[in-house]
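The stops below go one by one.

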Amino acid sequence: MRYKLLATALALSAALPFTVSAGATDLEVTHWWTSGGEAAAVAEFAKAFDATGNKWVDGAIAGGGPTARTVFISRITGGDPMGATQFNHGRQAEELVEAGLMRDLTDIAESEGWKNIINPPSLLEGCTLDGKIYCVPINIHSWQWLWLSNKAFEDAGVPVPKNWEEFVAAGPKLREAGKIPLALGGQPWQAAGAFQVLMVSLAGPEVFNKVHGDKDAELAAGPEVKMVFDAAADAREMARGSNVQDWNQATNLVITGQAGGQIMGDWAQGEFQVAGQVAGKDYTCLPGLGVHDVIATGGDAFYFPVLKDPAQTEAQGALASLMLKPEVQVAFNLKKGSLPVRGDVDLATANDCMKKGLEILAAGKVVPSVEQLLSQDSVTQINDLMTEFFNGDMDPADAQKRYAAIIASAD
Ligand code: BGC
């Protein structure tokens, strides 16, 4: 009987793209990918994993990254770990790794040569602690984009802006035409993200790196950053009336032409794609807000909590390894709107916006993401300040003072 099962498994493995393991099992994978584009992308991982004979048990958590991460962390520390889980590149899982709760993937990484294939190297460095590798980087997502609805501008009788200044100037005309100039969801991470995009795009990568990387509080209190706070006040004004919570609801306002634009990461591309919209024709994307061509090398990585069950441990290894396979990287990232973590895959079918992203990446015009530079505690303090700023009428100068104080004590 045993022999028969094994023979069937072996016969199956010949027909499948990946090796079917003898001890195939269910594996719960948690993430916060719940929008249409995100669901389409994660289905590619599930399909590839199921093809190994294991079964992907989907653990999607709604409400955005910060909500989901709280659940992941409390499950892992509370003794109810999942088989694999998403975090952003950077320091979000740092304490879990230090506490010995995450599986060491160094053997797999070495035997598969991850060091030679993952690009930029900072992504694998972000997975490394004391020389050991604890996660698989799966994509590069950048926050630094303005997504514009061509229809909204046509309705308002103004040309589609080519940069932030033109966008702000078009604000009143968009309002007159009954549009929300800037769609902004109500969750704190979205306001903070938009602010940081203004910072790197308007003040430039050097200021961004010095403030967040070197924690230069004097610079954060100075004139370059004042200009960013003034722009944030414009953005706040343009975002009045958005009245949505989730980022993809805000993207939907752009897709339907009810809003002029949205500052959001390139995961928004997944939504335009699901809605059948075409870059250049239905919507326009401006990396670095059309001011500084720059993208951050943020994105997602998968971690594998330490589990006792040998079959599940084996399935974790199978998942970690397939996430980096060229065909899986292409299928997943094309739907996700992110860039692959390996430069040797064929992205011929990438849309115009992804191609712009690839060019900026190839030119090395990149900055680390805020999650890579700051601890979660500092990120949360900035998120709180930005929610207060974007949802009230705080004076930009007061907000800047508070920002500089957070940077002064940031780690
Ligand atoms: C993740 C993306 C995700 C986005 C919105 C980001 O933190 O990197 O993969 O699509 O959040 O949910």
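How many disulfides does a search of the whole structure find? The search finds 2 disulfides. Keep in mind that this is a predicted model.

**Stop 1: the first pair**

Select Cys 127 and Cys 135. A disulfide joins them, with an S to S distance of 2.0 Å. Look along the S-S bond: the torsion is about -95°, so this disulfide is left-handed. Now show the surface. Cys 127 and Cys 135 are both buried.

**Stop 2: the second pair**

Move to Cys 285 and Cys 353. Their sulfur atoms sit 2.1 Å apart and form a disulfide. Colour by secondary structure here. Cys 285 belongs to strand S10 (residues 283-287) and Cys 353 to helix H18 (residues 352-362), so the link ties together parts that are 68 residues apart in sequence. The torsion about the S-S bond is -110°, and the link of Cys 285 and Cys 353 is left-handed. Is Cys 285 buried or exposed? Cys 285 is buried, as is Cys 353. Counting bonded cysteines along the chain, the disulfides follow the pattern 1-2, 3-4.

**Stop 3: the largest pocket**

Next, show pockets. The largest pocket has a volume of about 830 Å³. Its lining has 45 residues; select Pro 66, Arg 69, Asn 88, Trp 189 and Glu 371, the closest to the pocket centre.

Where does the largest pocket lie? Colour domain 1 (9-141 + 297-364) and domain 2 (145-296 + 374-408) separately. Both give residues to the lining, so the pocket lies between them.

Now colour the lining by class. It has 17 nonpolar, 21 polar and 7 charged residues.

Which element gives the largest share of the lining? H10 does, with 6 residues.

**Stop 4: a residue in H10**

Stay on helix H10 and select Gln 196, which is found there. Why does Gln 196 count as buried? Its relative accessibility is 11%, and buried means under 20%. Show its surroundings. Leaving out residues up to four places away in sequence, Gln 196 touches Phe 208, His 212, Val 370, Ile 382 and Tyr 403. Display those side chains together with Gln 196 to finish the tour.

Key:
Residues numbered from 1 in each chain as written. Predicted model: local features only at pLDDT ≥ 70, side-chain atom pairs only at ≥ 80, totals over all residues. Heavy atoms only, no water. 1 Å grid on protein atoms, 1.4 Å probe; cavity = no way out; pocket = protein on both sides within 12 Å on 5 of 7 lines; lining within 4 Å. Points joined across faces, edges and corners; volume = space filled by probe spheres on them. Helix = DSSP H or I, 4+ residues; strand = E, 2+ residues; numbered from the N terminus. Nonpolar A, V, L, I, M, F, W, Y, C, P; charged D, E, K, R; others polar. Domains from an automatic or database assignment. Disulfide = S-S within 2.5 Å. Buried < 20%, exposed > 50% of the residue type's maximum accessible area, 1.4 Å probe, protein only. Contact = heavy atoms within 4.5 Å.
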